[in-house]
Amino acid sequence: MDLIELSRLQFAYTAMIHFLFVPLTMGMVFILAIMESVYVMTGKQIYQDMTKFWGKLFGINFALGVTTGLAMEFQFGTNWSYYSHYVGDIFGAPLAIEALMAFFLESTLVGLFFFGWDRMTKNKHLAVTWLMALGTNLSALWILVANGWMQFPIGSEFNVDTMRMELTNFAEVVFSPVAQVKFVHTVSAGYVTAAIFVLAISSWYLLKGRDIPFARRSFAIAAVFGLASSLSVIILGDESGYEMGDVQKVKLAAIEAEWHTEPPPAAFTLIGLPNQETETTDYAIKIPAVMGLIATRSFDQPVTGLVDLKEQHRERMLNGREASSLMQQIRAGDKSPATRARFEAILDDLGYGLLLSAYAADPMNPTEAELQAAVDASIPKVWPLFWSFRIMVAAGFTMLLLFALASWHVAKRTENKPRWLLRFALFSLPLPWIACEMGWFVAEYGRQPWAIGEILPTDLAVSQLTEGDVLLTLGSIVVLYSIFVAIEMWLMVRYARKGPSSLQTGRYDLETGASQEA
Amino acid sequence: MDYEALRFIWWVLIGVLLIGFVVTDGFDMGVASLLKVIGRDNEERRIMINTVAPHWDGNQVWLITAAGALFAAWPTVYAAAFSGFYFAMMLTLFALFLRPIAFEYRSKIDNQQWRDRWDWALTTGSTVPPLIIGVAFGNLLQGVPFHFDDLLRLHYTGSFWALLNPFALLVGVFTVIMFVNHGATWLQMKTEGELLKRAENSSAILGLVAAALFTLAGIWLWLGVDGFHVVGGLDTQADSTIVGKQVEQIANGWFINYQRWPLTWLLPLIGILGFAGSALLSKMRRHALAFVASALAIAGTIVTFGLSMFPFIMPSSTQPNHSLTLWDGTASELTLLIMLVVVLIFVPLILGYTAWGYYVMRGRVSVQHIRDNSHSLY
């Protein structure tokens, strides 16, 4: 593997491990806030115990979220230094704002959430919990503003004198439609994750016949919260599809394995085997018109296929090669206004010029084979996107079904919930994590070959390190994270098994011996 | 407000964030460094850990904010420092990994061996970062071997081992002592009995050692480290072009600013007197004042460092003209302005709720408190 692949692998690994913990944190804070609100309103002790017990599990998870989050902030600088220089003027701002506006709030209040119970009034503690939830979710907003800009860079322009992108319109960056849709989709996915977590573990207690009142109440809150959240994820996911059709055409076409532009409205390929060589999808099962509807919200607009998009990229590379050459002239001291005017006119294609330069020995005169290689590399590999997207959607709808059934039984106030439903909930435990990881994979792998969409190619963005350097750090991180995750899972299972008895209040089954199991 | 003023303000703000980091996270790291030294048994160590338990996470955000602000306000500095000091940064990162989980997991299992391992993790995770940060700052004073190419891509030509030179190690050790002393003054305000006595004794020694090492580093800087000096070609209002200026290396270059503005000699003096004062006040059992003196010493130290290097942030030893300064290593004017507004709104809020958090958790942590809340505390 070369430097670029190793750097990407390190980023992908650290990001995906980080996102095992983040969605649970984002959702748990709200579930905790809801439980504590019920406690404050009704004064019933059991709801405070619920807040404290689920809070314990939240804490075990939160610690690794913080740990793995540190790596995320460091590694743009350590491993993607040209990226940091090239777009830090825009990308750095939301990260810094995240720390100032959100992470400070979350981290300061999380200490008071755990250790402040006896130090303040019920109402104050409840306010702390809600503000912690607010901080956590604001965090996600700013991270996704930054990520949204990587996908769809707006509100900025290239400055040839400083050799970087510079901010021109901050509001455009913050209110980028991609960022906003991503934000709601992602936090809702977090709520779903936490809802499944609480639902599955509560179902396990119910199956075991343990701590029934505690588990039933937890089950009810998780079911209803999860139903609302999973509807939100799916609706916003559909909105994402619409946004993509607008501004990230390549990613959309790759997810759907839409090789050729079909006459509108385009059919949706349910499943099939995308083949990059022949630019076709083998054994495709199609549903007429559905994709055109999702992506364009119309019957008459086409969804551009990958083959046609590649042709557009070819044109832009030929323009971009001139932009890149003019840029070098200007940096070498050419002050003529004509050069600058021409450069500004074709500046939009500069990124394609930079992309081409990695494939051509002489970027000004690429051979036909070199140009073709660059054009082929201008779209991501299709089958991983096609399949990860479908796995995400399938997991999403399964969870929606589960929440709907669970909420139905909660609403009916069923005395004993059917055991198949409880088992369904228990075995759904991995689903939200699978969906979240697949979703991020689609978002980030689907952005390739760009670090910043159509502006900065990934292979240019890396730090000038050796392969050995990155291999060593990647190996160390894998070892450390594996140990951490193993310990975390072990503690999580241990505390989940103990259940509310771990609070040592003397009120729960393992302590009183009331459990059927005991 | 013009570009030059914004750039200067951001130089001050990064300094403020660094001071915020060391004054807050510094004491919880210092406490963790002392864990095995003055915490004789599990209960004492639990007391020490629980004095910082509600605060360490919020404190650590000062570091995260400093790094984020570096990214936003000085993107090229962030890129150059983090990739140039690659292994140093990664080691810091790995050490920092250990802290959140060690704090959170240590008391989750009632087992001596389990706790012992997490104690080591906590101490390592809290001692290695100040050591490496100090070493990195020591290297900044000597210049770092890097240059830019035509596309302004950064090329670092040094090695990790070269960072560990005697002067940088001195600064590293000094930084650890500064953190540990700060932690000891914190423990004076938050503990009782034997533990309190040991914390007082620790500061009484460490404060003096810090004052001595700080002075020693200053003398070494005067005698043995060449400073950098901008000769020309640097326009404080222009775009951040980086490579157009002329810089030379001269003996005693890091003292030019003090010679130009003699009143600034007060800054290192505050550092030395602050450290010595924290030692003296610890001996006199004036616990809160000792903490304040230590905090003042930290601020004095960081400002002294910044002013010595002004206007440099990261000088290049191999291509001095490519050195990064606060005038040409910055983000665009618009970004600096927006970030300034954000800071002006949120930093007062942060200080407000942080102060409230400390107020809520005020008072000393007793053995009885640990015994009574064995299952909810760290």
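Helices (H or I, at least four residues) and strands (E, at least two) are DSSP runs, numbered from the N terminus. The structure described here is a predicted model, in which local features need pLDDT of at least 70 and side-chain atom pairs count only at pLDDT 80 or more, while totals for chains, interfaces and linings use all residues. Residues are numbered from 1 along each chain as its sequence is written, and chains are lettered from A and ligands numbered from 1 in the order in which they are written.

Residues 334–361 of chain B are 96% helix and 0% strand, and here the end C-alpha atoms are 40 Å apart. Both spans are among those that an unreviewed UniProt entry annotates as "transmembrane region"; UniProt positions are given in the numbering used here, feature names are shortened, and annotations may be inferred rather than shown by experiment.

Chain B also meets chain A. In this interface, 59 residues of chain B are in contact (C-beta atoms, placed from the backbone, within 7 Å) with 59 residues of chain A. On the chain B side, α13(B) gives the largest share, 12 residues. By type, this side holds 38 nonpolar, 15 polar and six charged residues. In this count Ala, Val, Leu, Ile, Met, Phe, Trp, Tyr, Cys and Pro are nonpolar, Asp, Glu, Lys and Arg are charged, and the others, Gly among them, are polar.

Turning to chain A, the domain assignment gives domain 1 (3–248 + 380–468) and domain 2 (257–379), with bounds from an automatic or database domain assignment. Their centres, taken over C-alpha atoms, are 31 Å apart. Domain 1 of chain A brings 19 residues to the contact and domain 2 of chain A brings 22. The domain 1 side divides into 12 nonpolar, two polar and five charged residues.

What about the interior? A nonpolar core is a set of buried Ala, Val, Leu, Ile, Met, Phe, Trp, Tyr and Cys residues joined through C-beta atoms within 7 Å, where buried means that 20 or more other C-beta atoms lie within 10 Å of a residue's own. The largest such core has 287 residues, and A:Ile31, A:Trp54, A:Ala96, A:Ala195 and A:Leu199 touch the most other members. Helix α3 (residues 81–115) of chain A supplies the largest share, 23 residues. Because domain 1 and domain 2 of chain A both give residues to this core, it lies between them.

Note on methods. Buried ≥ 20, exposed ≤ 12 C-beta atoms within 10 Å, placed from the backbone. Contact = placed C-beta atoms within 7 Å.
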